[in-house]
Structure formats: structure tokens, C-alpha cells
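Trainee: I am new to this structure and would like a close look at a single part of it. Please keep to one spot and what surrounds it.

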Amino acid sequence: MLALRGVSSRWGGTKPKLQPEWVSTDVRGERRVALRFDGQDDNLIFPFRTLPPGALTVELVLRVTDVRQGTLLSDQNRGLTIRLNSEGRLTAERLGTCVVSEKAVTPGEWTHIAVVYDYRELRFYREGVLDGRSEAPALFRGINSRTVVGALCREGRALGEHFAGDLAGLAMTARPLVP
């Protein structure tokens, strides 16, 4: 799947200064490539219809460099938004249902997270352990929607709430999996 790095408008124009940097880094004792987001304007935009419209699992490994509000992943039609809130805690939201992690992330530490939706619940896992859950009724959302990594995307608005840190191992699956 092709994603655009550094999109400057909703029509897909790109600018090199908006592109997250590819970095070779140590991820939990293993040398891997990660995307480094500057927290200012870096973003990665996937083609329309990338995020599954129903049941799903989104998994990634992150390292926060600045504990302030920022968005790791969002969908312009609110199919799923994963954010770091002002307290440094991770949140997952789907069509109005929100789950908040129990504790704040530690800057500079790699953290594995997974968000799972199965038509009944929205569940948040951290390091493979259930860290929050909420009832989430089966609601339909528009499927002609963009998914953005590193910024908040909402229909008709400029990208905002940019993430500051590194992301690796992003995976999206159209079924509920237990990490």
C-alpha cells in the first residue's frame, strides 16, 4: 500500500519539509527502521479506504520524545483516532466511544500498543496486556475516508495535533486480533 509522506493539502500535494524522517534505531534491542515525527507538521497519509470500516486491529510501537498532546493515527470520519492526551496517557476513540490508558507513557521508552474493535467493544492493549475497554456499539461510518499517521485529520480542517516521537511496526488489520 502506498502512503504519501509530507502531505500539504487534502488534494495530496507533498512537501519534503513535512515528511517524517526515516531513522535506523534500536527498538527494544533490535535494529529497525522507524519514522521520526517532529511534532510540528510531519505526517503520513494513506489512500482513501485504508482503515477498515468495521472490525479492526491497529498495532504499533512508539517512542514519545515530547509528552504533550499529539495524534498518532486518525481517520477523517472518526473511524479511529489514537492520541496522546495532555496528561501523557494514550487514548483510542471510535465514533464517540473513548478508551484511556491507565498510566502515562514514559518519554524515550518504546511502548507497544494495539487497539481492537470487534463490533461490541473498543479495547486498548499496552505491552500485550489489556489496558482499557469500553462498550462500542456497531455503528457504520463513511468508508471514503483518509487515514493519517502523525496528525489529527478531520473533514474540512487542516491537519493538527502533530505527534512528536518515533513510530515503528504499524499494522492495520480488518479483523479483531488479540496481541
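Trainee: Which residues does Asp118 touch, not counting residues up to four places away in sequence?

Mentor: Asp118 touches Ala55, Arg123 and Pro176 when residues up to four places away in sequence are left out; contact means heavy atoms within 4.5 Å. The model is predicted, with local features needing pLDDT of at least 70 and side-chain atom pairs counting only at pLDDT 80 or more, while totals for chains, interfaces and linings use all residues. Residues are numbered from 1 along each chain as its sequence is written, and side-chain values use heavy atoms, with hydrogens and water left out.

Asp118 sits in the loop between β10 and β11. Asp118 counts as buried because its relative accessibility is 11%, and buried means under 20% relative accessible area, exposed over 50% and partly exposed in between, with a 1.4 Å probe and protein chains only.

The side chain of Asp118 also faces two backbone nitrogens. That of Glu121 is reached at 2.8 Å, and that of Arg120 lies 2.9 Å from a polar atom of the side chain. Polar contacts are pairs of N or O atoms within 3.5 Å; within protein, one must be able to donate a hydrogen and the other to accept it, and residues adjacent in sequence count only if both atoms are side-chain atoms.

Methods
Helices (H or I, at least four residues) and strands (E, at least two) are DSSP runs, numbered from the N terminus.
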